Amino acid sequence: MTVLGIETSCDETAAAVVDDEGTVRSSVVSSQVDLHAAYGGVVPELASRAHLDLLSVVVPTALEQAGLPPGPPAPVDAVAATVGPGLIGALLVGVSEAKAMALAWDRPFVAVNHLEGHLFAALLDHPELRWPLTVLLVSGGHTLLVSMQAPGRYQLLGQTIDDAAGEAFDKVARFLGLGYPGGPAVERAAAAGDPTAFAFPRAMLGEGLDLSFSGLKTAVVNAVRRHPDASNQDVAASFQQAVVDVLVAKTMRAATSSQAAGVCLAGGVAANGPLRRALTDAAEAAGLPAYLPSRAMCTDNAAMVAAAGRWQLQHLGPSPLDVPADPNLRLPLMA
Ligand code: KG4
Ligand code: ZN
């Protein structure tokens, strides 16, 4: 079953094709970074308009790169799109386009949860993995520790009680004047800094599986005000180290408490080099495999949407054409 996936939940316009075997045949991502950079963050209305323009290029390119004709007749067996969570206007563009194509091609439409898409990204690169998995899902809007028993079977082990990890990266980057998007900018600055220069707090490190990042963000602001001469590199490196220490410690504790057969990363922050290295080392020390999706599969893309859509269609069937876009959609959890 060949599935076209469409992703427009935030500031990446993406389309991808996954084939009968679940192999990614094409994955096209058009980033709107340049468009939003001048504003220091995503401007929702601009994002929606850009999705509208870019989809008409990105979708045919994804089909072409997969070696498929543009249609009609239908070049794929189904069309999947992210229906939430995300920016409502941005979501609506992709959802409407996907429904229109499904209707015109007389093929099923599949409504995909963006968070579930991120979880499927890890599976794409690692078909050999064993269950259950502890997945740390760290993106711009979410920080979740999930026990994945199998595709479609998720238990929430912990989550942030305030800011998402990616949000903390973005806010600190903005405060330090490092630019947008914040995560890669902080990682670049941190590479030349001393991670021990500032002893930033590791909130809730010793307790439970929930996380908190808003105090860390405030600590960074206070430290820079107290030490105006401090180098951005040292602040960035110390901040990043504090985030990584907490994320890795919580993930390993979650893995132990849920008797995981492996640990896994997902979401944009999972592209962070020091986080990937630290989790790999911690998992190795615990005798557990660490499954890291490639960096391109961590940040928003449509291959993960097509993969989740393909599984969903096979196991749960198609979605009705009147399913709405939902900016606050949650990860579906096991009862
Ligand atoms: O999953 P994603 O692409 O979009 C959402 O679903 O939110 O995640 C975006 C987030 C942003 O906060 C961005 O700053 C962060 O992921 N990010 C990173 C890195 N690359 C992206 N954070 C730390 N290090 C990175 N290399
Ligand atoms: Zn995402």
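Tutor: Strand 1 and strand 2 make a hairpin, with four residues between them. The model is a predicted one. Strand 1 covers residues 3–7, and five of its five residues are buried, so the rest of the structure largely encloses it. Its side chains split by direction. Val3, Gly5 and Glu7 point one way, while Leu4 and Ile6 point the other way. All of these are buried, Glu7 included.

Now the pairing. Strand 2 spans residues 12–18 and runs antiparallel to strand 1, with five bridges between the two. Val3 faces Val18 of strand 2. Strand 1 also joins strand 4, residues 78–84, through four bridges, and here the two strands run parallel. Gly5 has Ala80 as its bridge partner in strand 4.

Next, the loop of this hairpin. Thr8 sits in the loop between strand 1 and strand 2. Its relative accessibility is 1%, so Thr8 counts as buried, the cut-off being under 20%. Thr8 is 76 residues from Gly84 in sequence, yet the two C-alpha atoms are 9.4 Å apart in space.

The peptide bond between Gly84 and Pro85 is cis, with omega about -5°. Pro85 falls in the loop between strand 4 and helix 3 (88–105). There is another cis bond, from Pro72 to Pro73, with omega near 5°. Pro73 is in the loop between helix 2 (44–65) and strand 4. These deserve a check, because most peptide bonds are trans.

Follow strand 2 onward. It pairs with strand 3, residues 24–31, in the antiparallel sense over seven bridges. Ala14 stands opposite Val29 of strand 3. Strand 2 and strand 3 form a hairpin as well, with five residues between them. Gly22 lies in that turn and has a positive phi of about 85°.

Most residues other than glycine have a negative phi. Met204 has a positive phi of about 60°. Met204 is placed in the loop between helix 6 and helix 7 (214–226). At 22% relative accessibility, Met204 is partly exposed. Gln259 has a positive phi of about 50°. Gln259 belongs to the loop between helix 8 and strand 9. At 66% relative accessibility, Gln259 counts as exposed.

Strand 6, residues 133–138, runs parallel to strand 9, residues 262–266, and five bridges join them. Leu136 has Leu265 as its bridge partner in strand 9.

Now the ligand. Domain 1 (3–118 + 299–316) and domain 2 (131–292) both give residues to the shell around ligand 1, so ligand 1 lies between them. The residues of strand 1 fall within the bounds of domain 1. The shell has 18 residues, and His118, Gly140, Asp170, Gly183 and Glu187 come nearest. By type, the shell holds four nonpolar, eleven polar and three charged residues.

Polar contacts come next. A side-chain N or O atom of His118 is 3.0 Å from an oxygen atom of ligand 1. A polar side-chain atom of Asp300 is also 3.0 Å from a ligand 1 oxygen. Val269 uses a polar backbone atom, 3.4 Å from an oxygen of ligand 1. Taken alone, ligand 1 exposes 550 Å², and the protein buries 87% of that. Helix 4 (114–125), helix 5 (165–176) and helix 6 (182–190) each give two or more residues to the shell.

Eleven of its twelve residues are buried, so helix 4 is largely enclosed by the rest of the structure. Among the buried ones are His114, Glu116 and His118. At the start of helix 4, a side-chain oxygen of Asn113 comes within 2.8 Å of the backbone nitrogen of Leu115.

Definitions and conventions. Residues are numbered from 1 along each chain as its sequence is written. Chains are lettered from A and ligands numbered from 1 in the order in which they are written. This is a predicted model: local features need pLDDT of at least 70, side-chain atom pairs count only at pLDDT 80 or more; totals for chains, interfaces and linings use all residues. Side-chain values use heavy atoms; hydrogens and water are left out. A residue is near a molecule or strand if one of its heavy atoms lies within 4 Å of it. A polar contact is a pair of N or O atoms within 3.5 Å; within protein, one must be able to donate a hydrogen and the other to accept it, and residues adjacent in sequence count only if both atoms are side-chain atoms. Accessible areas come from the Shrake-Rupley method with a 1.4 Å probe; for residues, only the protein chains shown count as cover. Ala, Val, Leu, Ile, Met, Phe, Trp, Tyr, Cys and Pro count as nonpolar, Asp, Glu, Lys and Arg as charged, and the others, Gly among them, as polar. Domain bounds come from an automatic or database domain assignment. Buried means under 20% relative accessible area, exposed over 50%, partly exposed in between (1.4 Å probe, protein chains only). Two strands pair if DSSP finds at least two bridges between them.
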